Amino acid sequence: MHKVVLEAKDESALVKLSEKLKENEIKHKLWIEQPENIPTCIALKPYVKDTVHKYVKHLKLLKE
């Protein structure tokens, strides 16, 4: 299994992506940090790249 880390612009971009994935029945988890209640990441169920690429193609690889 490959792991890819992509960077979202801000919190609202994460929430929008989560809503779009939910609308299209792509299984995922929006991670909310506690106690701050801030969305920090989305984890997707392993899918074939072609299935999810259209939802994440606007995101760039995270550079440390």
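Reader: How much space lies in the largest pocket?
Author: About 1,000 Å³. Keep in mind that this is a predicted model.

Reader: OK. How many residues line the largest pocket, and which lie nearest its centre?
Author: The lining has 30 residues, and V4, V5, L6, L44 and V56 lie nearest the centre. The elements that give two or more residues to that lining are β1 (6–7), α1, β3 and α2 (49–56).

Reader: Which element gives the largest share of the lining?
Author: That's β3, with 6 residues.

Reader: And by class, what's in the lining of the largest pocket?
Author: It has 20 nonpolar residues, 7 charged ones and 3 polar ones.

Reader: Let's go back to V4. Where does V4 lie?
Author: V4 is in the segment before β1.

Reader: Is V4 buried or exposed, and why do you call it that?
Author: V4 counts as exposed because its relative accessibility is 57%, and the cut-off for exposed is over 50%.

Reader: Which residues make a nonpolar surface patch with V4?
Author: L6 and L61 do; together with V4 they make a patch of about 270 Å².

Reader: How far apart are V4 and L61, along the chain and between C-alpha atoms?
Author: They are 57 residues apart along the chain, while their C-alpha atoms are separated by 7.7 Å.

Reader: Switching to the backbone. Which residues does a cis peptide bond join?
Author: Q34 and P35, with omega at about 10°. P35 sits in the loop between β2 (28–33) and β3 (38–44).

Reader: What about phi of N37?
Author: Phi of N37 is near 60°, which is a positive value in a residue other than glycine. N37 also lies in the loop between β2 and β3.

Reader: Is N37 buried or exposed?
Author: N37 has a relative accessible area of 53%, so it is exposed.

Reader: And E25, what's its phi?
Author: E25 has a positive phi too, about 55°, although it is not a glycine. You'll find E25 in the loop between α1 (11–23) and β2.

Reader: Buried or exposed for E25?
Author: Exposed, because the relative accessible area of E25 is 70%.

Reader: New topic, the helix. Where is V15 found, and how far is V15 from C41 in space?
Author: V15 is found in helix α1. From V15 to C41 it's 9.4 Å, C-alpha to C-alpha, and the two are 26 residues apart in sequence.

Reader: Why is V15 called partly exposed?
Author: V15 has a relative accessible area of 30%, and that value falls in the partly exposed range because buried means under 20% and exposed means over 50%.

Reader: Last one, H58. Where does H58 lie?
Author: H58 is in the loop between α2 and β4 (60–61). With a relative accessible area of 57%, H58 is exposed.

Reader: And how far apart are H58 and L30, in sequence and in space?
Author: H58 and L30 are 28 residues apart in sequence, and C-alpha to C-alpha they are 18 Å apart in space.

Reader: Great, thanks, I'll go and look at those spots.

Technical notes. Residues are numbered from 1 along each chain as its sequence is written. This is a predicted model: local features need pLDDT of at least 70, side-chain atom pairs count only at pLDDT 80 or more; totals for chains, interfaces and linings use all residues. Side-chain values use heavy atoms; hydrogens and water are left out. Helices (H or I, at least four residues) and strands (E, at least two) are DSSP runs, numbered from the N terminus. Buried means under 20% relative accessible area, exposed over 50%, partly exposed in between (1.4 Å probe, protein chains only). On a 1 Å grid over the protein atoms alone, a cavity is a set of points where a 1.4 Å probe fits but cannot get out, and a pocket is an open set with protein on both sides within 12 Å along at least five of seven lines; lining residues have an atom within 4 Å of a point. Grid points are joined across faces, edges and corners, and a volume is the space filled by probe spheres set on the points. Ala, Val, Leu, Ile, Met, Phe, Trp, Tyr, Cys and Pro count as nonpolar, Asp, Glu, Lys and Arg as charged, and the others, Gly among them, as polar. Patches are made of residues with over 30% relative accessible area and no salt bridge: like charges are joined within 9 Å, nonpolar side chains (Val, Leu, Ile, Met, Phe, Trp, Tyr) within 5 Å. Accessible areas come from the Shrake-Rupley method with a 1.4 Å probe; for residues, only the protein chains shown count as cover. A salt bridge is a side-chain nitrogen of Lys or Arg within 4 Å of a carboxyl oxygen of Asp or Glu.
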